[in-house]
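A short briefing follows, grouped by topic.

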Amino acid sequence: MYPRPIPEDAKIQRALYVGGVTLVVALWLLPLLAVMLTSIRSNEELMAGNYWGWPQKFSLVENYTAVFEQTAMLRFFLNSLLITIPSVIGVLILSTLTGFVLSRYPFRGSNLIFALFVGGNFLPAQVMMIPVRDLMVRLGLYDTVYALIVFHIAFQTGFATLFMRNFIAALPGELFQAARAEGASPGQILRHVVVPLVRPALAALAILTFTFIWNDYFWAIVLTQSDAVKPVTAGLNNLRGEWTSAWNIVSAATIFVALPPVVMFFLMQKHFISGLTMGAVKG
């Protein structure tokens, strides 16, 4: 199932492996490096055709200042925060509750409900586009941040429920039996037993959900129309249309938009790594 480790005495194989990994990483980082270099170039260099060379003049302050002073990216950024943070919180709460019930308190029809949660993840976004848009129009939520919040909570909860159900189901059953023997209610078990133990899973799920919602572009253009409520992905596309030749400004805005998921990961890295390595070492 897993690739065999390369023996230490197989120098040729190890050299080929290291060389291949280095090449793949370089190819993967090359576009990011190009965007970062473009974000600090002056407009004169871009007009002269200096796209890949080392910048002759660093315009870091000018370019990033222009993103806030000459564009509406700050408003789009705040809109994304207003959409993403409540959505992530809602997904974590609902998926923890549903995962707890489906894994520890099965009932008639619970498997069908779980199948519906999982099956919803396989529906193409294009199939749901018109029904979801019509639903938001009828609810009076179209072209508001609430439309995206409601949709992302509903859509992301399916995957999150699958994630949390499997994680909670893997917890030792003796913990729940002991809690019931002490007279703990299901709510107390959830609050005092489950939540502390699934904290790494919640951190990993928060990072994944935050990234999915923050980077969403399709539903941002389907459910919003005015610039007052557009998130950063739709706003960045507008910026590309308004600043067609100013690729340094567009690149600076792109780097600015990409920072929150990275910051989110580093802030929760300890819990995220703990969730990935949980169970790898037996005590």
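Setting aside neighbours within four places in sequence, M73 is in contact (heavy atoms within 4.5 Å) with V67, V232, G235, L236, L239, A253, F256 and V257. The model is a predicted one, in which local features need pLDDT of at least 70 and side-chain atom pairs count only at pLDDT 80 or more, while totals for chains, interfaces and linings use all residues. Residues are numbered from 1 along each chain as its sequence is written, and side-chain values use heavy atoms, with hydrogens and water left out.

**Nonpolar core**
- M73 is also among the residues with the most contacts inside the largest nonpolar core, which has 53 residues; such a core is a set of buried Ala, Val, Leu, Ile, Met, Phe, Trp, Tyr and Cys residues joined through side-chain atoms within 4.5 Å.
- Helix 7 (residues 145–169) supplies the largest share of this core, ten residues, helices being DSSP runs of H or I with at least four residues, numbered from the N terminus.

**Salt bridges**
- There are two salt bridges in the structure, each defined by a side-chain nitrogen of Lys or Arg within 4 Å of a carboxyl oxygen of Asp or Glu.
- R41 pairs with E45, their closest N and O atoms being 3.7 Å apart, and both R41 and E45 are buried, a term for under 20% relative accessible area, with exposed meaning over 50% and partly exposed in between (1.4 Å probe, protein chains only).
- K230 and D227 form a salt bridge at 3.6 Å, N to O; K230 counts as buried at 13% relative accessibility, whereas D227 counts as partly exposed at 33%.

Methods: Helices (H or I, at least four residues) and strands (E, at least two) are DSSP runs, numbered from the N terminus.
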